[in-house]
Every structure is written in structure tokens, then in C-alpha cells.
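Subject: Structure handover

Hello,

I am passing the structure below on to you. My notes on it follow.

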Amino acid sequence: MRTIDVGLMRMNRRILLILVGCLLAAAHAQNTPTWPTRPVTIFVTAAPGGVTDVVARAVGQRLSVMWGQPVISENTGGAGHILGAQAVARAAPDGHTLLVAEAATYVLNPSLYARDKLGYDVDRDLVPITGLVRINQGIAASNALPVSDIRGLIALARAKPDRLTYGTASIGSALHVNMLKFENMAGVKLQAVHYRGAAPALNDVMAGHIDLICVSLSLLVPPFRDHRLKILAVGSERRIAQLPDMPTVAESGVPGFEAAAWFGLATTAGTPRDVVMKINADVQTVMRDPDFQARFMAPQMFDSMVATPDEFRQFIRTETANWARIIKEQHLVIE
């Protein structure tokens, strides 16, 4: 009888401990608010209207519905795509401040700027969440420029060194470095004109204020079809389905040339891992939704770059190493 009593006591003690554990877990769940608990701000490192801005707003609108909180885009164009990254690096590490930026912010700036002038460290201050989209670029010209293809552009540029102008989305942006690569590979010298984003640069090409731009095809195709500018060639490896008669730069006299831009999502270092993984999972849900692909991705000619946080971090490190070599070879330094 005594043995039975001891066994019952031990069993009751285990049951009591389990019940206490359940009660504590329930209390913790009630005291831990579900993320997000307030509006989420996305810092966009470009002016309104550019591809970076378009991507951030499209994804942000879908996330706002999923999260039941406003997702606000804060445009911080100019300054080499640095200001937005600095703002996110200084934010509270709670996932309520996000960064949507092009490759320059993640992989070019660390090699272009001295560490003390950059104001943020990608590895130390930011947590990569996922890639978003990749898009091929094209080289376009003002209707006033007397060329119709890349060979004509090269001939004119060689006849007028440093006279032809092209727009960038600030120093070190994809628009800038891809045209620097074109100059080097084509053996020409052009003059850069820096803007706070792709949209104002593109507007000045259409207005005839500057001569050239190398920018995402999603921005070039509508004005091209409206005869507001000329696309001289595309920067893809091979011709694209949407412009089957348009040659690539590589087949137009600059073998091996490619130009593309990609955009990714990050947040502040120290943000809890479960919050980072939730954002990643929700963004992947948005990007893989057939309706989103049909209404947004396909018309914009975007390719999805969604990945896990670890995969995106490794991608950034590989790209950084590749561009660091190119930047060193080109002797590109921003004082």
C-alpha cells in the first residue's frame, strides 16, 4: 500500500509540473505580442518611380494585407544609396524597419567607399532577409542623339570623347558601374551625370537633356514603345522574348558585356531570428503567388530572387568579392 502511495505521489507531481509548464507557456504567449505590433517602414534607397521603389511598394502592399499593419515606403535617394542603409543600421532591432536596396548598397559601396565614410557595415549592421528581383538592363539614347545602335554609339563616342552624357542613380549605382563597364569594354569615354534615382535620370534622357542611360528594361520599354527614346541594345546574355528584334550589346560590338540589376530585402542587425524568418516566409509567399507573378513580375520582366536569409547572405558575400576585384581593376574610389 505504501508503494502505491509513493507512485501516485510521483505521478501527481509530474502532472502538476506539466500543468504549471502549460500555464507559464500560455501566460508568456499572452504577454508576447505578435509581430508586427505597429506600422512597418521600408527605407527605399532610390527616388520614387525607379525600379527599387516600384518593387518595395508592390511587395509592401501585399505584406500590409498579410500583417494587418501599414507598410510605409520611405524614399532616401541619392548619396550613393547610402542614406537608407544608414537609417536601417541605426534602427531598433525589432523588424519594424526594413531596407529595400539595389546591389550597390550591399556589394558595391563597401569597396567604393572608405569604411568611416560609408556609415554602415553590411555584415555588422544589417541582416539579409531575402533577394527580391533581378532584371536585365538596356542601353537607351535620347531621340536627339544621331545614333540607332551600339556600333553607331561607339563611333560617335570615339569621335567626341567625354562629350556624350549618361544618367546614373547616383555614384556607385548599377546605372553607374554598368556604364563604366561599357566604357572600359567598348574603349570609349563618356560623361556621367548623377541623379537621386533612375526615374529623374530617365526623364532627362526623354527630354533630351542628357544623351544616354543604362537602366532596367521595365523602365525603358514603355517610353520606347511610345517613341520617347531609343533602345540601342539589351544587356542580357541573349535576346529577350519581349523584344525579339532587339540585339544584345554583346552581339553589337562589345563581346561579353552584360548589364543587370538586382534588389534585396534586409533589416537591422540583432533583430530576433523568428521575426527575420517570418518576414522571409511571408515575402516568399507574396513572390510565389501566381496572381502577383502575372500582374507584377511578368509585365515588369522581373526574375524572382527569393532565398533563405543564409542563402542571400552568401550571395551578397560572393557578389561583393567579385565586384571588389572589378572595382580595384578599374581604380574606382569615391573620396
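Which residues lie nearest the centre of the largest cavity? They are Val 51, Thr 52, Glu 102, Leu 175 and Ala 198, out of 16 lining residues. This is a predicted model, where local features need pLDDT of at least 70, side-chain atom pairs count only at pLDDT 80 or more, and totals for chains, interfaces and linings use all residues. Residues are numbered from 1 along each chain as its sequence is written, and side-chain values use heavy atoms, with hydrogens and water left out.

Cavities

A cavity is a set of points on a 1 Å grid over the protein atoms alone where a 1.4 Å probe fits but cannot get out; lining residues have an atom within 4 Å of a point. Three cavities of 30 Å³ or more were counted. Helix 2 (51-67), strand 7 (212-216) and strand 9 (260-268) each give its lining at least two residues. Helices (H or I, at least four residues) and strands (E, at least two) are DSSP runs, numbered from the N terminus. The lining has nine nonpolar, six polar and one charged residues. Here Ala, Val, Leu, Ile, Met, Phe, Trp, Tyr, Cys and Pro count as nonpolar, Asp, Glu, Lys and Arg as charged, and the others, Gly among them, as polar.

The second largest cavity has a volume of about 40 Å³. Helix 2 supplies the largest share of its lining, four residues. By class, that lining is eight nonpolar, one polar and no charged residues.

Regards

Methods. 1 Å grid on protein atoms, 1.4 Å probe; cavity = no way out; pocket = protein on both sides within 12 Å on 5 of 7 lines; lining within 4 Å. Points joined across faces, edges and corners; volume = space filled by probe spheres on them.
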